[in-house]
Amino acid sequence: AIWASFNKLGSDFGIEAMTASRFSAAVALVCSVLCTATTAETPKASLRGAASSVQAAVASPPAGMQASWMLLGDRQVAKDEGEGLMTATGDLEFCKQLCSHLEGCKSFAFCGAQCFLKDGQVTPTSESVYNPHCTTYYRSVNTDATTTLAPDSEETPECRRFSSVLVMNQGQQYSGNAEADIHGFAEMTLCTNGIMKATLQVDGGHSEIIATHIHHCESGDSHQTRTAVFCTGPPVVNFCGNNAASLIADGAKYSVACSGYNSTDTSITEDVQGTFIPNWGILMTERVKDIFANPDMYYFNLHSLADFTHWYPGHVGVCRGPLKPETSGIATTTPAPGPVKCFSFYSQMSVNELQKYPGNPDSQASGYASFKLCTNGTLQGQALIFGGTTQLIAMHVQRCEGGDTPQTRTAELCEGFPVLNFCGDNSAELIADGTPYLEACAAYSGLGASHTKQMMGAFVSGTNTGTTLAELLEDMAQNPQLYVFNAHSLASFGHWYPEDQGMARGPMELWTGV
């Protein structure tokens, strides 16, 4: 009744109706995080906030984590700094805030407008070396952080190509099977940096292709059933498929739907992005390297709606084939037609000015994000957000549109549409840009920070009509002032519905240093 009354009242003012599930989510959000809000009204700002290129509002670390930062010595850098955790651009105070919220960070070298965050334990008696440009700062108190993050990999990613001849699964030899002649071929490129792409052709099928995976063999009592010819096992990478909840879900969203069949009963899905399925305690890079080393333990599997219906609640792929390495396709860099260009960007984020309303649990949010974006499809980044509390549900790079002042026409205060997305929540009632998020954003840690490492980006095709990824990245490099990185939280979503106002944001800056 409340929901119906809410929508009727909204319709009187021309507000879009809210579904029952979305209304319930909003009510739950209000009751969980906003019920303590003061009722005093304050005028709402008319523009979104932005981060200064050098200075940003930063939140204090959680209680008990206040750190006093000490100078090792003027222009002195610790001889043993430990491993690198993150490189960031910002002033000294901002670098202190980053290290305070990054798990494992115990010191950093500050070099003018840049800092290098480290995990090495530094004390007043630590050995040091003179550096005319940098100085080490270290904590004077210990924290509860016990996890040391791996340094960003600078090594060239290794990529290899595989193929798979798909034949009808012997398990599908049942009377009346309308797809008894189904067969196909898949070509894949798998890279240790997370780039996984495939092209798939299927002939002789009729019903919708609802799932495609690479599976890893598990157990078996013969050579054939222990290897990819006849083995069974869990999916480790998915490609195209149908994300409907009632079909085959493996824990990771399919990046696109598989192509339908044409008049000659052929389905061709080209250049589809693969998604790593987190499982079994194995990291993405380790899984790809294991495929390189043991391709006979992996097979490509395809499910159709017909085989799903026949075997439900079990899952038996309609056709499959072992992975075969293409030795002529071994590469040390990600393969792509023409020269590959990569651009490095960063964004220093502060809370959106619109979010400074009474009782907002995310009103102190700020952070830092860095990216490596390549014209061959490698879109990687990491984001450290702190000062917020509610779930992060979307992160995008957005392009500025419109505006009637220099500030509202550029990334300082502009509004616009997403052109790249990174982490997010694919729930239907939240923020969807037409392209699934490839992973969820990290939850807040005990240090009060969300650190989403090695997050994979996706090209938002719906808002880039007529523009290729290479053209977009070239424009970002030429006009970074027209692009902004935006993070949305559950609180900001619930408060501003049906509009989508980011929790924290910052202009994209092109990194031109060494």
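Analyst: Happy to! The structure holds eight disulfides, a disulfide being a pair of cysteine sulfur atoms within 2.5 Å. Please keep in mind that this is a predicted model, where local features need pLDDT of at least 70, side-chain atom pairs count only at pLDDT 80 or more, and totals for chains, interfaces and linings use all residues. Residues are numbered from 1 along each chain as its sequence is written, and side-chain values use heavy atoms, with hydrogens and water left out.

Let's start with Cys159 and Cys191, whose sulfur atoms lie 2.0 Å apart in a disulfide. This pair links distant parts of the chain, 32 residues apart: Cys159 belongs to strand β8 (residues 159-168) and Cys191 to strand β9 (residues 183-191). Strands here are DSSP runs of E with at least two residues, and helices are runs of H or I with at least four, numbered from the N terminus. The link of Cys159 and Cys191 is right-handed, with 115° about the S-S bond. Both Cys159 and Cys191 are buried, meaning under 20% relative accessible area, where exposed is over 50% and partly exposed in between (1.4 Å probe, protein chains only).

Next come Cys400 and Cys414, with sulfur atoms 2.0 Å apart. Their disulfide is left-handed because the torsion about the S-S bond is about -60°. Cys400 sits in strand β21 (residues 392-401), while Cys414 is in the loop between α7 (406-409) and β22 (415-424). Cys400 and Cys414 are both buried.

Finally, Cys423 and Cys441 form a disulfide with sulfur atoms 2.1 Å apart, and 90° about the S-S bond makes the link right-handed.
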